[in-house]
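This report goes through one structure part by part.

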Amino acid sequence: TSTEDIKKGLAGVVVDYTAVSKVNPETNSLLYRGYPVQDLAASKSFEEVALLLWNGELPSQSELIEFTAFERANRTLDPAVKAAIDLLPADCHPMDVGRTAVSVIGANHSQSENSSVEAELLKSKELFAAFPAVVAYDQRRRRGLDVVPPRDDLDYAANFLWMTFGEEAAPEVVDAFRVSMVLYAEHSFNASTFTARVITSTLSDLHSAVTGAIGALKGPLHGGANEAVMHTFTEIGIDKDESREDAAKRAKAWMEEALAAKKKVMGFGHRVYKHGDSRVPTMKAALDRMIEHYGRHEMLGLYDGLEAAMDEAKSIKPNLDYPAGPTYHLMGFDTEMFTPIFIAARITGWTAHIMEQRASNALIRPLSAYNGPEQRAL
Ligand code: CMC
């Protein structure tokens, strides 16, 4: 094996076909089943986007009504899942809670080993409906609060916020949350989706594949970046009384120190997009609406300052995690809860890929070039 044959990090390697989404770095576009993601974010509910990802087409009115009723009927936190969460330390990472919850849901599922198309789709829909209660309860228990039961007069996004905060969110907040869910839903062969496909390729079950995907999503080079962005903002320091110019100056100084220490600035850069992430303008517009809603204009000095400094120093653009992190912060989520919200969104993409992998499976098993000691005698 020559060094050129080794594609470290599988960079640039095309491993399979997918019909779920198309990323085009040249035109800076992301299509879910052919539809531009920004168009879906402008007008479709997260429930509609989930059905699009699973079925390949947007739902008819009656399909949507049927799924909406199903989703609302399957939102309650399962007592077995709550009991398992209660065994975990209140200060463990919430991604560990999410990972454990999906594992427990799988272990308790009567159809866990049934991999027929119908069973897989049903399990995907159930997980989609059940997961928000896990995030909401975990956020609450960290604050010493009890479960808030779901409300079936609210849609997915509004109910997620209701179960988390125990009060109805303003329509513009619900909308910004919906936008983030649509944008986070799917992104071709990213690390966590690929993990889910690797696990599925061994003919393992759907909940094992999602559990593994959550482990991959946790890392700061992937989903954990939205949390890391907020840690950066906190480290730079959010000062309500400061001018935008001063905040931008401090952001730039912080970045210079970080780059000098060879640190990655979280929320910037992307393996596929090299000229900007197509999802950012839509999410940034949602963040702007939240800044306006909460009257937190001081966030913009830091946001714009760091973005401009990264562009100037390295020509590196923000990715979706950059505007998403501060948006969730303004809504009132603890920083550690940001990536579990990403799980709730990406369950749709992961399960669509699991079903696609299952439909045309080949065991994913690459080769390695050995560079250890030559054969030797004991
Ligand atoms: N901060 C500072 N330098 C960076 C960054 C960054 N965020 N991203 C890339 N670079 C530099 C990197 O140091 C390297 O420079 P040089 O050639 O001088 O050594 C060059 O850009 C190429 O970077 P790379 O790490 O080899 O590129 P990659 O394709 O392997 O990395 C990435 C992609 C996302 C892992 C990387 O950009 C990164 O670590 N970003 C920060 C973490 C982050 O925001 N992740 C979220 C990704 S998007 C959402 C998601 O998938 O969850």
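## Ligand shell

In this predicted model, the shell around the ligand is made up of seven nonpolar, eight polar and four charged residues. There are 19 residues around the ligand, and those that come nearest are A225, F268, G269, R271 and N319.

## Helices α9 and α10

Two packed helices are described by the angle between their axes and the distance between the axes. For helix α9 (residues 191-201) and helix α10 (residues 206-218), the axes come within 8 Å and cross at roughly 150°. An angle over 145 degrees counts as roughly antiparallel, so α9 and α10 are roughly antiparallel to each other. Their crossing is right-handed.

In this contact, α9 brings A191, S192, T193, T195, A196, I199 and T200, while α10 brings S208, A209, V210, G212, A213, A216 and L217. The contact of α9 with α10 consists of eight nonpolar and six polar residues, with no charged ones.

## Helices α9 and α16

Helix α9 also packs with helix α16 (residues 338-359), at an angle of about 35° and with the axes 9 Å apart. The crossing of α9 past α16 is right-handed.

From α9, the residues making this contact are S192, T193, A196, R197, T200 and S201; from α16 they are R346, G349, W350, H353, I354, Q357 and R358. Sorted by class, the contact of α9 with α16 has three nonpolar, seven polar and three charged residues. S192, T193, A196 and T200 are among the α9 residues that meet α10, and they are also among those that take part in the contact with α16.

## Helices α5 and α6

Helix α5 (residues 94-107) packs against helix α6 (residues 117-142) at an angle of about 140°, and their axes are 10 Å apart. This angle falls in neither the roughly antiparallel range, over 145 degrees, nor the roughly perpendicular range, 65 to 115, and α5 and α6 are therefore oblique to each other. The crossing of α5 and α6 is right-handed.

On the α5 side the contact involves P94, V97, G98, A101, V102 and I105, which meet L127, A130, V134 and D138 in α6. The residues of the contact of α5 with α6 comprise eight nonpolar, one polar and one charged.

Note on methods:
Residues are numbered from 1 along each chain as its sequence is written. This is a predicted model: local features need pLDDT of at least 70, side-chain atom pairs count only at pLDDT 80 or more; totals for chains, interfaces and linings use all residues. A residue is near a molecule or strand if its C-beta atom, placed from the backbone, lies within 6 Å of it. Ala, Val, Leu, Ile, Met, Phe, Trp, Tyr, Cys and Pro count as nonpolar, Asp, Glu, Lys and Arg as charged, and the others, Gly among them, as polar. Axes are lines fitted to C-alpha atoms, for helices over the stretch in contact, and angles run from 0 to 180 degrees between N-to-C directions. Helices (H or I, at least four residues) and strands (E, at least two) are DSSP runs, numbered from the N terminus. Angles under 35 degrees count as roughly parallel, over 145 as roughly antiparallel, 65 to 115 as roughly perpendicular and the rest as oblique. A crossing is left-handed if the near helix is turned anticlockwise from the far one by less than a right angle, and right-handed if clockwise. Two residues are in contact if their C-beta atoms, placed from the backbone, lie within 7 Å.
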